[in-house]
Amino acid sequence: MAGMMLAGTAQAQQAVPASTAASPPGAVVVQPEDADNAQASVIQELLAEVSRYGTSTIKRAYGDWTTTNLKGWKEVLHTMAIQPIQQFSYTSGKNATDSALIIDAMDVLHTGRVDGFCLVSSDSDFTRLATRIREAGLV
């Protein structure tokens with residue numbers, strides 16, 4: 001399993017309240033993404049859409065990069081300056097990568113330095129994370 005988190009940092013004078021629906025350029029955007037359930041070929045378009053709301057500067061992709069099923073992500077990660085984070089699959093059928101991504105996303109949420117999150121996944125693994133982010137007043 002693999003996932004991605006993109007986060008941005010804003011200059012203090014450009015930061016906007018978390019309640020602002022559409023943040024101006026320079027505002028913070030955090031975007032965890034489940035790479036197993038999204039195609040590498042859409043990342044450039046996705047980042048273009050995210051840039052309409054702010055700037056993503058922390059870019060991490062979580063996965064077991066020793067497997068061949070993530071091979072298609074290599075060039076995209078390099079081109080988009082996304083840092084791959086190794087998460088070994090310790091046990092078959094368990095999803096340590098989703099857990100690592102959720103923990104990191106919560107750490108970022110609790111820094112108080114983000115204006116928004118964008119979750120991208122075709123499954124429901126991040127539903128509770130999305131709910132918690134909204135409870136914190138972020139969209």
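## Charged pairs

Let's start with arginine 128, which counts as exposed, since its relative accessibility is 51%; for the cut-offs, exposed means over 50% relative accessible area, buried under 20%, and partly exposed in between (1.4 Å probe, protein chains only). This is a predicted model, so local features need pLDDT of at least 70 and side-chain atom pairs count only at pLDDT 80 or more, while totals for chains, interfaces and linings use all residues. Residues are numbered from 1 along each chain as its sequence is written, and side-chain values use heavy atoms, with hydrogens and water left out.

Arginine 128 pairs up with glutamate 135 in a salt bridge, with 3.4 Å between the closest N and O atoms. The term asks for a side-chain nitrogen of Lys or Arg within 4 Å of a carboxyl oxygen of Asp or Glu, and by this rule the count is two. Glutamate 49 and arginine 52 make a salt bridge too, at 2.9 Å from N to O. Here arginine 52 is exposed, at 57% relative accessibility, whereas glutamate 49 is partly exposed at 34%.

Confidence comes as pLDDT, the predictor's own score for each residue, from 0 to 100. The chain averages 73, and 69% of its residues get to 70 or more. Helix α4 (residues 127-135) has the highest confidence, with a mean of 90, while strand β1 (residues 2-7) has the lowest, at 56.

Then there's the stretch of residues 9-28, where pLDDT stays under 50; the model gives it 39 contacts beyond four places in sequence. A contact here means heavy atoms within 4.5 Å.

## Overall layout

The chain has four helices and four strands, in the order β-β-α-β-α-β-α-α along the sequence. These are DSSP runs numbered from the N terminus: helices are H or I with at least four residues, strands are E with at least two.

Of the 139 residues, 39% are buried. Among contacts with a separation of 6 or more, 70% join residues 24 or more positions apart. The chain exposes about 7,700 Å², with 53% of that supplied by carbon and sulfur atoms; areas come from the Shrake-Rupley method with a 1.4 Å probe, and for residues only the protein chains shown count as cover.

In soluble globular proteins, nonpolar side chains tend to be buried together. The largest nonpolar core in this model has 12 residues, including Tyr62, Leu101, Phe117, Phe126 and Ile133. Both α3 and α4 supply at least two residues each, and α3 gives the largest share, with five. A core is a set of buried Ala, Val, Leu, Ile, Met, Phe, Trp, Tyr and Cys residues joined through side-chain atoms within 4.5 Å.

Leaving out residues up to four places away in sequence, isoleucine 133 touches Phe117, Leu119 and Leu138. Apart from this core lies another, of 11 residues, with Leu46, Leu47, Met80 and Ile82 among them.

In helix α1 (residues 43-50), the buried residues include Ile43, Leu46, Leu47 and Val50. They sit on the same side of α1, because they cover an arc of only 95° around the axis, going by the directions from the helix axis to the C-beta atoms. The face turned away from that buried side carries the exposed Gln44 and Glu45.

Glutamine 87 lies in the loop between β4 (83-86) and α3 (96-111). Its relative accessible area is 16%, so glutamine 87 is buried. Not counting residues up to four places away in sequence, glutamine 87 touches Gly63, Asp64, Ala96, Thr97 and Ala100.
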